[in-house]
Amino acid sequence: MTTRSDCLALDASDALAPLRALFDIPADLIYLDGNSLGARPRTALARASEVIAAEWGTQLIRSWNTAGWFDLPKRLGQQLAPLIGAGADEVVVTDTTSLNLFKALAAAVHLQQDSGRRVIVTERENFPTDLYMAQGLCRWLDDGYTIKLVDSPEQIAAAIDGDTAVVMLTHVNYRSGRLHDMAALSAHAHAHGALIIWDLAHSAGALPIDLQGANADFAVGCTYKYLNGGPGAPAFIWVPQRHQARFTHPLTGWWGHAAPFAMAADFAPVDGIGRALCGTQPIVSLALVECGLEIFEQTSMAALRAKSLALTDLFIALVEQRCAAHGLTLATPRKHAERGSHVSFGHPHGYAVMQALIAHGVIGDYREPSLMRFGFTPLYTSYTDVWNAVEILREILDDHAYDRAAARGAVT
Ligand SMILES: *Cc1c(COP(=O)(O)O)cnc(C)c1O
C-alpha cells in the first residue's frame with residue numbers, strides 16, 4: 001500500500017521537481033489537464049509583453065526583420081526537432097494541427113497518385129478532426145479515395161494492404177491514452193507500399209519520439225498540449241529531407257513561395273521545409289511557443305518519460321486501492337509500452353464526477369462516453385498531487401457529492 005508519506009518522499013528525491021517553479025500554476029489547484037492545455041511557463045508573460053510593447057509597439061513592421069518574426073516558424077521548428085527525433089531543417093511551427101494534417105495527407109496522396117492506391121487507413125477512435133480532415137480531402141479530390149476505419153489497434157496491421165495509399169494514425173489516443181508502436185507500424189506500412197502519417201498531438205513533449213529512427217513519412221502535432229505553448233498556439237508539421245523535394249500540397253500561399261517579396265504572379269515553392277508554410281502567422285501566439293520549448297532544454301525526454309510512467313502507475317494503483325468500491329473502469333493500457341501520459345477511467349456519472357472534482361480544485365476533463373481523463377505532465381505534476389487528487393476523488397465518490405444533472409459547458 002502506498003501512503004501519503006511515500007508520495008512526499010518521492011517528491012523529495014525527484015530530480016525534476018524544481019522544474020515546477022518554471023510554471024505559474026495557482027497554488028490551490030491540482031492541474032491534471034496539461035494534455036489538453038499545458039500550464040503557463042512563467043516567462044510567457046514577459047515574452048508576450050515584449051512582443052506586444054517593444055516588437056509590435058515600438059519597432060512596428062520593422063520587427064519582421066529585426067525581431068526575427070519572419071523566420072520564427074523555422075527557428076521554433078529547430079528547437080522542437082530534438083524532442084521528436086527530427087532533423088533541424090525538417091519541422092516548422094505553423095497553422096493548426098488540422099490544417100497541417102490536411103497538407104501532409106494531400107502530399108502523401110499526391111506521392112501515391114500513380115500507384116492506383118486509393119485507400120486511407122485510420123482508426124474509428126482517432127481524434128475527430130483527423131477523420132474530418134481526411135473526409136474533406138477525399139470529397140474534394142473526388143477521385144475514388146475512401147477511408148477505411150479500423151475498430152481496434154490490434155486490427156491496424158491487417159487492414160493495411162495493396163490498396164492502401166496512406167496510413168494516418170495518432171501516436172497516443174486522446175481518449176484511452178493508448179500508445180502505438182511507431183517503428184513497427186511504420187515498417188509494416190512501408191512493407192505494404194503505403195506511406196504513414198503520425199499525429200503527435202498527445203505524445204510530443206510527453207514521451208521520447210524518434211521520427212527519423214522509425215522512418216516515418218510525415219508528422220504533425222500540437223504545441224498547446226504537453227509543449228505548453230499557450231491556448232491555440234500554432235501547431236507543427238514534419239517533412240523529412242527525403243520527401244521535401246516532392247512535397248506538394250494545395251495550400252500554396254505566399255509564405256511557401258521561393259521569393260515571397262518578388263510578388264510574382266505564379267507560385268514556385270521554396271526549397272526545403274519552408275514549402276509547408278502557407279500565410280502570415282499569429283506572431284504573438286507563435287512567439288510564446290518558445291517559452292514552452294526552452295524548458296525542455298533543462299531535462300531529457302528519457303527523464304520525463306520515466307517520471308510520467310511513475311506518475312501514471314501511481315495514479316492507477318491509488319485509484320484501484322482507494323476507490324475500489326465505486327465501479328471505476330480503467331480505459332488505459334497497463335503496459336508501459338502501450339501507455340502515453342494520461343489515464344482515463346470510465347464511470348457511469350463520469351461527467352458529474354469530473355465537474356465535482358473541478359469544483360474541488362482537481363482539474364481533469366471528460367470525454368464521451370463516460371470517461372474521466374487525467375493528464376500527468378512530468379514537468380510540473382508532483383507525486384503528492386497524485387495522492388491528493390485521488391483522495392478528493394475518493395471523498396466525492398464516497399459521499400456521492402456530485403450532481404448528476406450538472407449542466408454541460410460548450411467545452412468538456
Ligand atoms: C488536440 C488534437 C488535435 C487538435 O487539432 P486543432 O487543429 O489544433 O484543433 C488534432 N488531432 C489530435 C489527435 C488531437 O489530439
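**Ligand surroundings and selected local features**

In this predicted model, a polar side-chain atom of tyrosine 224 lies 2.7 Å from an oxygen atom of the ligand. Aspartate 199, in turn, brings a polar side-chain atom to 3.0 Å from a nitrogen atom of the ligand. Taken alone, the ligand exposes 390 Å², and 86% of that area is buried by the protein. The space that the ligand takes is the largest pocket, and the elements giving two or more residues to the shell around the ligand are helix H5, which spans residues 97-111, and helix H6, which spans residues 128-141.

In total, 13 residues surround the ligand, and the closest of them are Ser98, Asp130, Asp199, Tyr224 and Lys225. When the shell is divided by class, 4 of its residues are nonpolar, 6 are polar and 3 are charged.

Strand E8, which covers residues 195-199, includes leucine 195. Leucine 195 counts as buried because its relative accessible area, 10%, falls under the 20% cut-off. Between the C-alpha atoms of leucine 195 and aspartate 217 the distance in space is 6.1 Å, although the two residues are 22 residues apart in sequence.

Glutamine 112 is located in the loop that links H5 to strand E5 (119-123), and with a relative accessible area of 8% this residue is buried. A polar atom of the glutamine 112 side chain lies 2.9 Å from the backbone oxygen of alanine 165.

Aspartate 95, in the loop between strand E4 (91-93) and H5, has a phi near 50°, which is a positive value in a residue other than glycine; at 17% relative accessibility, aspartate 95 counts as buried. Asparagine 215, in the loop between E8 and strand E9 (218-221), likewise has a positive phi, of about 55°, although it is not a glycine. With a relative accessible area of 36%, asparagine 215 is partly exposed, whereas aspartate 95 is buried. A cis peptide bond, with omega at about -5°, joins glutamate 368 and proline 369, and proline 369 is found in the loop between strand E14 (365-367) and strand E15 (371-375).

Terms used: Residues are numbered from 1 along each chain as its sequence is written. This is a predicted model: local features need pLDDT of at least 70, side-chain atom pairs count only at pLDDT 80 or more; totals for chains, interfaces and linings use all residues. Side-chain values use heavy atoms; hydrogens and water are left out. A residue is near a molecule or strand if one of its heavy atoms lies within 4 Å of it. A polar contact is a pair of N or O atoms within 3.5 Å; within protein, one must be able to donate a hydrogen and the other to accept it, and residues adjacent in sequence count only if both atoms are side-chain atoms. Accessible areas come from the Shrake-Rupley method with a 1.4 Å probe; for residues, only the protein chains shown count as cover. On a 1 Å grid over the protein atoms alone, a cavity is a set of points where a 1.4 Å probe fits but cannot get out, and a pocket is an open set with protein on both sides within 12 Å along at least five of seven lines; lining residues have an atom within 4 Å of a point. A molecule sits in a cavity or pocket if more than half of its atoms lie within 2 Å of its grid points. Helices (H or I, at least four residues) and strands (E, at least two) are DSSP runs, numbered from the N terminus. Ala, Val, Leu, Ile, Met, Phe, Trp, Tyr, Cys and Pro count as nonpolar, Asp, Glu, Lys and Arg as charged, and the others, Gly among them, as polar. Buried means under 20% relative accessible area, exposed over 50%, partly exposed in between (1.4 Å probe, protein chains only).
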